Amino acid sequence: MLKKITLIGSGNVAHNLGHAFISHGLEVVEVYSRTSKNAKELAQLLKADFTSDLSKINKESDLYIIASSDDAIGEITEQLNLKDKLLVHTSGSVGIDVLKNASINYGSFYALQTFTKSHLADFSHIPFCIEGNTKGNQKALVELAKNLSSKVIEMSSAQRQKLHLAAVFTSNFANYMQIIAQDICEEQEVDFNLLKPLIKEVYEKNLIQKAENNQTGPAKRGDEFTMQKHLDLMNGDVKKQELYSLVSEMIGERFNSKKIDG
């Protein structure tokens, strides 16, 4: 049983996982961050020790979790020598082999959600994508994840990386589209709240059926007049016009080809 945990990282994911672990009776032994202040702040919340020196990290934990930015994982593992201790990362886009030089036991503990420090996530229905380099490690990680969530899936690095790509489109890109919408509303002093029922309707429909079935709008209809009007309204903002044109073209090609095929 993986009961004692060291968090390597103090950002959004570490913050949320740490609180989830202690609320389920697990012990966070130590928090590492290269910034001592950040390590101390999270450690105090979790009643754990802290360090900003990887060479001094404790060797008594059952599990070491690298909850850092993806590009820092390799750098961190180069400074770790955990021998046979179980080491995992929380990345969706990085394979588990990056960990193999730091320990003979390693894997992935990826929670498919967007996290912030200001809002502690309810992990009970958040999918956990688990991978271990051995069947024993995979089983131990699955059991740990089941303490937090009812949705635990065993998944290879290749599958997880493609899922993460899908998540970027679903969350990050979709959210940025709403940022653009907010900008447009603010420019015209129009209340963005007017769009919230639309946002709610789209996402609620997508939860119960394929998003493809819910696509509407001028690009799907092939309404060239309206699309050109929208381009004109962007007043020479070339990047927004290019984005609008590219997405509209992709929508049109997808649905017009289906009409032709049908």
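Predicted model: local features only at pLDDT ≥ 70, side-chain atom pairs only at ≥ 80, totals over all residues.

Colleague: What makes D237 count as partly exposed?

Modeller: D237 has 29% relative accessibility. Partly exposed is the range between buried, under 20% relative accessible area, and exposed, over 50%, with a 1.4 Å probe and protein chains only. Residues are numbered from 1 along each chain as its sequence is written, and side-chain values use heavy atoms, leaving out hydrogens and water.

Colleague: How do you know that K240 forms a salt bridge with D237?

Modeller: The closest N and O atoms of K240 and D237 are 3.0 Å apart. The term asks for a side-chain nitrogen of Lys or Arg within 4 Å of a carboxyl oxygen of Asp or Glu, so this pair qualifies. K240 is partly exposed as well, at 21% relative accessibility. The structure holds 8 salt bridges.

Colleague: What does the salt bridge of E212 and R254 tie together?

Modeller: Their side chains meet at 3.0 Å, N to O. E212 lies in the loop between helix 6 and helix 7 (218-221), and R254 in helix 9 (residues 238-261), so the pair ties together parts that are 42 residues apart in sequence. R254 itself is partly exposed, with a relative accessible area of 47%.

Colleague: How far apart in the helix are E201 and K205?

Modeller: They are 4 residues apart, about one turn of helix 6 (residues 196-208), where both lie. Helices here are DSSP runs of H or I with at least four residues, strands are runs of E with at least two, and both are numbered from the N terminus. The side chains of E201 and K205 meet in a salt bridge of 3.6 Å, N to O. E201 has 39% relative accessibility and counts as partly exposed, and K205, at 34%, is also partly exposed.

Colleague: How many helices and strands does the protein come to?

Modeller: There are 9 helices and 8 strands. The C-alpha atoms fill a box of roughly 65 × 45 × 30 Å along the principal axes, and 37% of the 262 residues count as buried.

Colleague: Why do you say that strand 1 and strand 2 pair?

Modeller: Strands pair if DSSP finds at least two bridges between them. Strand 1 and strand 2 (residues 27-32) have 5 bridges, in the parallel sense, and so they meet the rule. In strand 2, V31 is the bridge partner of L7. On strand 4 (residues 63-66), strand 1 has 4 parallel bridges, with L7 opposite I65 and I5 partnered by L63.

Colleague: What makes strand 1 mostly covered?

Modeller: Strand 1 (residues 4-8) has 4 of its 5 residues buried. Strand 6 (residues 103-111) is mostly covered too, with 8 of its 9 residues buried. Strand 6 has 5 bridges to strand 5 (residues 83-89), which runs parallel to it, and L86 stands opposite N105 there. Another 5 bridges join strand 6 to strand 7 (residues 128-132), this time antiparallel, and A111 stands opposite F128.

Colleague: What is the order of the strands in the open sheet?

Modeller: The order of the 8 strands is 3-2-1-4-5-6-7-8, with mixed pairing. Strand 3 (49-51) and strand 8 (152-154) are the edge strands, as each pairs on one side only.

Colleague: Which residues form the nonpolar patch on the surface?

Modeller: L165, F169 and F173 do, with about 310 Å² of accessible area together (Shrake-Rupley method, 1.4 Å probe, only the protein chains shown counting as cover). Patch residues have over 30% relative accessible area and no salt bridge, and are joined within 5 Å if nonpolar (Val, Leu, Ile, Met, Phe, Trp, Tyr) or within 9 Å if like charges. L165, in helix 5 (residues 157-187), has 44%, so its area passes the 30% limit.

Conventions
Patch = residues over 30% accessible without salt bridge, like charges linked within 9 Å, V, L, I, M, F, W, Y side chains within 5 Å.
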